[in-house]
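Read the following alongside the sequence and the coordinates.

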Amino acid sequence: MKSNSVNIHTKGELKYITFPKFDACNLVNHAFTTRLGGKSEGYFSSMNMSFNRGDSTSAVKENYSIICSAIGTDTNNLVFTKQTHTNNVITVTEKHRGTGFTKPSFCDVDGLVTNCKNVALVTQFADCTPLLFCDTEKGVIASSHSGWRGTVKQIGKVTVEKMVNEFGCNTNDTIAAIGPCICKERYEVDTPVYEKYKELPIDISDVFTRIDGTHFLLDLRLANKKILLLAGIKEENIDIADICPCCNKEEMFSHRAQGTNRGNLAAIIELK
């Protein structure tokens, strides 16, 4: 696994990714995990970040301890949600610390926003698009899960609007990251998906490549970039990962490559 757009860190067997603009702002602890360096076994091996796929709870908790220690946060700060491909985005505070880790998770929520320090937002992935945000002036962060359905529902734009409407964020001051997701070359979809994307207020002529009369290749990275630009994020303030989980299945979990017998990756972001 190599990259020209994100930072890849190795600590012993652990490997994880950070985003240059988020590293440079020095306001957040953050990471996007790989499947390397954890305690899970079997097809979860070894850094599975999901409690809901049948893995050992103790192994998953150890995995979070490992990555949290590496990036300088505490597992007590973690906040999870059960993602269901919605565009529901909620605000969380200190009182929600431990949600999904030591107490029940939020349900039917795919985006989290906070202006509180020591609240670590967690979203999970295995090909879908991770979206991270930070208003570097207001001190507001967000994390969203954008699969093809969430992208159609413009969850990136909804997340930015949540930051603006609740915290007075300025899109000119907001940095964003589009994390590792399935690349266009590996993501074949059918006509019903294409038809849904035609309803978006963006040019999709370069988002899709037609394979035949009923199948297309979909570029989730580009679609989400266009949606973030539509939301007012400056292009120069967006990091875009050039890593595809499906192309790197030995180091990342991918639904397309591995099916249901797999773990999940995680994006974690926390204000220092």
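The radius of gyration is taken here over C-alpha atoms, and the globule rule is 2.2 Å times the number of residues to the power 0.38. For 272 residues, that rule puts a compact globule near 19 Å, and the chain agrees, with 17 Å. Along the principal axes, the C-alpha atoms fill a box of roughly 50 × 45 × 35 Å. This is a predicted model: local features need pLDDT of at least 70, side-chain atom pairs count only at pLDDT 80 or more, and totals for chains, interfaces and linings use all residues. Residues are numbered from 1 along each chain as its sequence is written, and side-chain values use heavy atoms, with hydrogens and water left out.

The chain has seven helices and 17 strands; these are DSSP runs numbered from the N terminus, helices being H or I with at least four residues and strands E with at least two. Contact means heavy atoms within 4.5 Å. Among contacts with a separation of 6 or more, 64% join residues 24 or more positions apart. Of the 272 residues, 58% are buried, where buried means under 20% relative accessible area, exposed over 50%, and partly exposed in between (1.4 Å probe, protein chains only).

The interior can be described through its nonpolar cores. Such a core is a set of buried Ala, Val, Leu, Ile, Met, Phe, Trp, Tyr and Cys residues joined through side-chain atoms within 4.5 Å. The largest one has 30 residues, of which Phe19, Phe22 and Phe32 touch the most other members. Strands β3 (28-33), β9, β10 (129-135), β12 (174-178) and β17 (265-271) each supply at least two residues of this core, and β17 gives the most, with four. A second, separate core has 22 residues, including Trp148, Leu200, Ile204 and Val207. Beyond four places in sequence, Phe22 touches residues that include Val28, Leu132, Phe133, Ile175 and Ile269.

Next comes the open space. On a 1 Å grid over the protein atoms alone, a pocket is an open set of points where a 1.4 Å probe fits, with protein on both sides within 12 Å along at least five of seven lines; lining residues have an atom within 4 Å of a point. The largest pocket has a volume of about 680 Å³. Its lining has 27 residues, and the closest to its centre are Gln83, His85, Gln124, His145 and Asn264. At least two lining residues come from each of β5 (81-82), β9 (120-125), α3 (148-152) and α7 (255-258). By class, the lining has nine nonpolar, 12 polar and six charged residues.

Leu265 lies in strand β17 and is buried, with a relative accessible area of 0%. Leaving out residues up to four places away, its contacts include Phe32, Met49, Gln124, Phe125 and Met252. Leu265 and Met252 are 13 residues apart in sequence and 7.2 Å apart in space, C-alpha to C-alpha.

Cys25 lies in helix α1 (residues 20-25). Apart from neighbours within four places in sequence, Cys25 is in contact with Thr136 and Ile175.

Asn88 lies in the loop between β5 and β6 (89-91). Asn88 is partly exposed, with a relative accessible area of 34%. With residues up to four places away not counted, Asn88 touches Asp108, Val109, Asp110 and Gly111. The C-alpha atoms of Asn88 and Glu270, 182 residues apart along the chain, are separated by 20 Å.

Definitions and conventions:
Points joined across faces, edges and corners; volume = space filled by probe spheres on them. Nonpolar A, V, L, I, M, F, W, Y, C, P; charged D, E, K, R; others polar.
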